[in-house]
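Work through the exercises below with the sequence and the structure open. Try each task before reading its solution.

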Amino acid sequence: RDRSIDAADLTALSGRTIGVIGFGNQGAAQAANLRDSGHAPVVGNRDDAYAASAAEEGFDLRSIADATDAADVVLLLVPDEVQPELVRSEIAPGLRAGDTLVVASGYNFHFGLLEVPDGVDVVMVAPRMIGAAVRDRYVDRHGFPCFVSVERDATGRAWETTLAVARAIGGTLGGAIVSSAREEAALDLFSEQAVWPAILDVVRTAHRVAIEAGFSEEAVLNELYLSAEPAEVFAHVARDGLFGQLGLHSRTSQYGQLRALRALESHDEQASRFARVMHDDILSGDFAREWSRPEAGERLDALRREAGESPIAAAEAEVRARLGP
Ligand code: NDP
């Protein structure tokens, strides 16, 4: 596969200090992997419980500004929503020409929310894996998918640095995937704003129709998701293929699923809606602008309240209270 890389030269990092900014899900895992790959990262974190665990694990713990100052290669591993302000106030002042800023998601850089000084390389090393598994799959050598890209090559050596960082955190064990901040951010947002809402809506609609047909809440909710059967099916989709996993279902189920899927193929309203989400909301930057507005947090709180008060959420709480978690 010409888009995959399964090994990389670590010399691009020799003599350079790596700073891990944020010792959270990704930061703790990546710092441990870097250390086991022979590096001695400095860790920058606010003074709190995460900082205490970094110190307990024997890392060279400093303030965020001091760690950035000491580092030549800075891994930005704090939550996306705090990055723009943190980069402006504590990280940009410590970045010098020739340094590398490594992001683990493409959103902020692609949508122009990070102010990175001139002369600094900006690259992406984005594991497609939760932090705990980034560590476990480094230790057991299974690896994990990892998107890599160069967003700004000020030094002419940004690719070597990107691949070396990816390898040092275990991101090439499974073959790194050449991508871009635009692609990574857009696909992430597309899953969140097209795929998952459609899946949640399918469940919500199915619940309404089945209840209206006179079936009980506990039977309907267990059939739909409380039994965790859909989680099992999705695990098999990843392992055996979207249709390969059908062999695990009865022949009656296979016939019913495929016959109904065939009938759906003639409907392209969903494709048009998905295309509008991709182009009008995501790639245009409209969503990123809306989410950057100060009032967006309050709107999220209101939307969460509304979802929490929906009929399916109320029914789920009632069934759980009766049948246990
Ligand atoms: P976490 O929420 O686990 O990171 C928390 C870290 O950020 C902690 O060290 C926390 O320190 C620090 N932090 C939080 N708020 C602030 C603040 N205002 N100022 C300074 N430090 C702060 O983040 P993740 O590890 O989940 O995400 C880090 C990056 O990795 C993001 O870009 C994310 O998109 C990306 N990523 C995450 C994945 C995941 O599965 N989680 C997968 C792939 C990429 P404190 O102790 O002070 O709270």
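**Exercise 1: Domains**

The C-alpha centres of domain 1 and domain 2 lie 33 Å apart. This is a predicted model, in which local features need pLDDT of at least 70 and side-chain atom pairs count only at pLDDT 80 or more, while totals for chains, interfaces and linings use all residues. Residues are numbered from 1 along each chain as its sequence is written.

Task: State the bounds of domain 1 and domain 2, and find how many residues each gives to the contact.

Solution.
- Step 1. The domain assignment places domain 1 at 4-179 and domain 2 at 184-323; such bounds come from an automatic or database domain assignment.
- Step 2. Domain 1 gives 10 residues to the contact and domain 2 gives five residues. Two residues are in contact if their C-beta atoms, placed from the backbone, lie within 7 Å.
- Step 3. On the side of domain 1 that touches domain 2, α5 (107-110) and β7 (121-127) each supply at least two residues. Helices (H or I, at least four residues) and strands (E, at least two) are DSSP runs, numbered from the N terminus.

**Exercise 2: The nonpolar core**

Task: Find which members of the largest nonpolar core touch the most other members, and say where this core lies relative to domain 1 and domain 2.

Solution.
- Step 1. A nonpolar core is a set of buried Ala, Val, Leu, Ile, Met, Phe, Trp, Tyr and Cys residues joined through C-beta atoms within 7 Å. A residue is buried if 20 or more other C-beta atoms lie within 10 Å of its own, exposed if 12 or fewer, and partly exposed in between, with C-beta atoms placed from the backbone.
- Step 2. The largest nonpolar core has 63 residues, and I21, V43, V74, L76, V102 and V125 touch the most other members.
- Step 3. Helix α7 (residues 158-168) gives the most to this core, namely six residues.
- Step 4. Both domain 1 (4-179) and domain 2 (184-323) give residues to this core, so it lies between them.
- Step 5. Take V43: beyond its neighbours within four places in sequence, V43 is in contact with V20, F23, A31, A54, F59, D60, L61 and A67.

**Exercise 3: A helix pair**

Task: Describe how α8 and α9 are oriented to each other.

Solution.
- Step 1. The axes of helix α8 (residues 181-212) and helix α9 (residues 217-226) come within 10 Å and cross at roughly 150°. Axes are lines fitted to C-alpha atoms, for helices over the stretch in contact, and angles run from 0 to 180 degrees between N-to-C directions.
- Step 2. α8 and α9 are therefore roughly antiparallel to each other (angles over 145 degrees count as roughly antiparallel).
- Step 3. The contact is made by V203, A206, H207, A210 and I211 of α8 with E217, V220, L224 and Y225 of α9.

**Exercise 4: Positive phi**

Task: Find where R141 lies and decide whether R141 counts as buried or exposed. Do likewise for A228.

Solution.
- Step 1. Most residues other than glycine have a negative phi.
- Step 2. Phi of R141 is positive, near 65°, and R141 lies in the loop between α6 (131-139) and β8 (146-152). R141 counts as exposed because it has 9 C-beta neighbours inside 10 Å.
- Step 3. Phi of A228 is also positive, near 70°, and A228 is in the loop between α9 and α10 (229-240). With 9 C-beta neighbours inside 10 Å, A228 counts as exposed.
- Step 4. In α6, V134, R135, R137 and Y138 are buried. The buried residues of α6 pack against α1 (25-36) and β7.

Notes:
Angles under 35 degrees count as roughly parallel, over 145 as roughly antiparallel, 65 to 115 as roughly perpendicular and the rest as oblique.
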